[in-house]
Amino acid sequence: MTTPESAKELLAFHKGLVSISCITENESPCTEYLHAHLTKLGYTVELQTIAPGRENVLAYLGKGRNPRVLFNTHIDVVPPYIEYREDEENVYGRGSSDAKGCMAAQVQAVEELRKEGMVKEGDIGFLFVVGEEVDHIGMVKANDLGLTPDYLIVGEPTESRLALGHKGVLRLNISIEGKAAHSGYPELGISANDKMIDLLHKLKSIKLPEDDYFGKTTMNIGTIQGGLAANIVPAFSKAGISFRIATSTQEVLDLIEQVLPLEQQLKDKITIERLTCWEPVRCHSVPGFETFVANYFTDIPSFTTAKHSLLYGPGSILCAHAPHEYINKKELISAVGAYKDIVLKLFAERQ
């Protein structure tokens with residue numbers, strides 16, 4: 001049971017984290033805050049440089065650099081920065097839910113376990129990474145640290161449920177080349193936008209695959225750009241598309257090729273650029289938690305050396321990138337006990 005004093009420490013640490021602007025590629029202010037805070041608590045802290053001004057944070061007890069259980073979440077947040085504020089029930093601000101709530105609760109959980117004598121050197125540590133919101137570069141580079149934890153506990157807002165896994169993701173940019181002309185004489189040009197409309201209609205007609213475990217594969221046409229002006233036949237068109245994968249990325253790519261054969265792509269000057277391609281992920285679980293399968297994506301598949309991965313955190317993904325992002329204080333405090341429960345059950349598995 002988290003004491004009032006411990007809850008106060010948690011909320012103060014969370015406030016410190018959310019009060020710092022750390023949009024992707026500008027994570028260093030938060031990294032510096034984490035380094036100072038964890039060092040003050042007595043952890044050995046290492047910084048892994050990803051790029052100038054961008055560092056991952058690895059922290060552990062004593063010399064136990066390769067702990068059995070490794071807590072993880074991401075330092076970066078999406079734009080724009082939204083200042084910290086609170087009322088009696090909730091904390092608001094960018095990152096309050098995604099994912100500073102997880103980060104604060106993870107650290108406070110380990111602090112309570114330390115005070116209770118439940119963890120020792122080599123048992124537990126933290127890996128806080130940059131770049132999760134864009135390209136997962138921090139987690140990819142973390143593979144170079146030589147860590148081989150039995151369990152990786154990843155913090156993302158799961159509404160305090162334990163995720164049994166999450167869908168994969170396939171992101172594509174599709175570009176079409178046309179021929180510009182005066183809109184009064186459209187027969188002299190080739191409309192790239194017209195071609196794009198036909199192409200997107202074909203993609204929308206695909207029956208996307210389903211899976212009993214992960215559910216339905218979904219497609220989102222997120223961006224469409226084309227042409228220069230209303231009185232010019234557009235010479236170019238571009239669409240950004242994201243698939244949430246329930247089966248396999250190759251199955252979806254094969255379905256796309258069926259409606260857009262390579263010969264047609266060459267003939268119609270269509271270019272398909274593959275930006276991101278990750279398969280669905282199954283996660284480890286422990287008893288005593290409500291479970292679900294997440295439709296969003298995480299850093300989990302980017303870290304390849306953990307034996308098992310778990311996904312849990314306070315807050316909701318439904319408000320995570322929104323102007324009203326928030327986390328409920330009671331849920332945040334309860335997450336401390338939940339993380340402790342998860343750790344102790346994992347320890348019991350390895351006895």
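What does the accessible surface of the protein chain come to, and what percentage of it belongs to carbon and sulfur atoms?

## Overall picture

The accessible surface of the protein chain comes to about 16,100 Å², and 52% of it belongs to carbon and sulfur atoms; accessible areas come from the Shrake-Rupley method with a 1.4 Å probe, and for residues only the protein chains shown count as cover. This is a predicted model, in which local features need pLDDT of at least 70 and side-chain atom pairs count only at pLDDT 80 or more, while totals for chains, interfaces and linings use all residues. Residues are numbered from 1 along each chain as its sequence is written, and side-chain values use heavy atoms, with hydrogens and water left out.

The protein chain has 8 helices and 20 strands, where helices (H or I, at least four residues) and strands (E, at least two) are DSSP runs numbered from the N terminus. Its C-alpha trace spans about 80 × 40 × 35 Å along the principal axes. Of the 351 residues in the protein chain, 52% are buried, a class defined by under 20% relative accessible area, with exposed meaning over 50% and partly exposed in between (1.4 Å probe, protein chains only). Among the contacts (heavy atoms within 4.5 Å) with a separation of 6 or more, 79% are accounted for by residues 24 or more positions apart.

## Helix 1 and helix 2

Two packed helices are described by the angle between their axes and the distance between the axes. Helix 1 (residues 4-18) and helix 2 (residues 28-40) have axes that come within 10 Å and cross at roughly 155°; such axes are lines fitted to C-alpha atoms, for helices over the stretch in contact, and the angles run from 0 to 180 degrees between N-to-C directions. Helix 1 and helix 2 are therefore roughly antiparallel to each other, a label for angles over 145 degrees, as against roughly parallel under 35, roughly perpendicular from 65 to 115 and oblique for the rest.

Ala12, Phe13, Gly16 and Leu17 of helix 1 meet Cys30, Tyr33, Leu34 and His37 of helix 2. Helix 1 also holds Ser6, which is buried at a relative accessible area of 7%. When residues up to four places away in sequence are not counted, Ser6 touches Gln108 and Glu112.

## Salt bridges

Side chains of opposite charge can pair when their charged atoms come close. The structure holds 14 salt bridges, each defined as a side-chain nitrogen of Lys or Arg within 4 Å of a carboxyl oxygen of Asp or Glu. One of them joins Lys340 to Glu116, with the closest N and O atoms 2.8 Å apart. Lys340 lies in helix 8 (residues 329-349) and Glu116 in the loop between helix 3 (100-115) and strand 6 (124-129), so the pair ties together parts that are 224 residues apart in sequence. Lys340 counts as buried at 8% relative accessibility, whereas Glu116 is partly exposed at 43%.

A salt bridge also links the side chains of Asp123 and Lys120 (3.4 Å, N to O); Asp123 counts as buried at 4% relative accessibility, while Lys120 counts as exposed at 54%. The side chains of Arg161 and Glu159 meet in another salt bridge (3.5 Å, N to O), in which Arg161 counts as buried at 19% relative accessibility and Glu159 is partly exposed at 35%. Salt bridges that share partners join Arg68, Lys120 and Asp123 into one network.

## Two buried positions

Gly313 is found in the loop between strand 19 (308-311) and strand 20 (326-328), and at 0% relative accessibility Gly313 counts as buried. The C-alpha atoms of Gly313 and Thr158 are separated by 5.2 Å, although these residues are 155 residues apart along the chain. Leaving aside residues up to four places away in sequence, Gly313 touches Cys102, Glu156, Pro157, Thr158, Glu159, Ser160 and Tyr339.

Thr73 lies in strand 3 (residues 69-74) and counts as buried at 1% relative accessibility. Thr73 and Ala99 are 26 residues apart in sequence and 6.8 Å apart in space, C-alpha to C-alpha. With residues up to four places away in sequence not counted, the residues that Thr73 touches include Ala99, Cys102, Met103 and Gln106.
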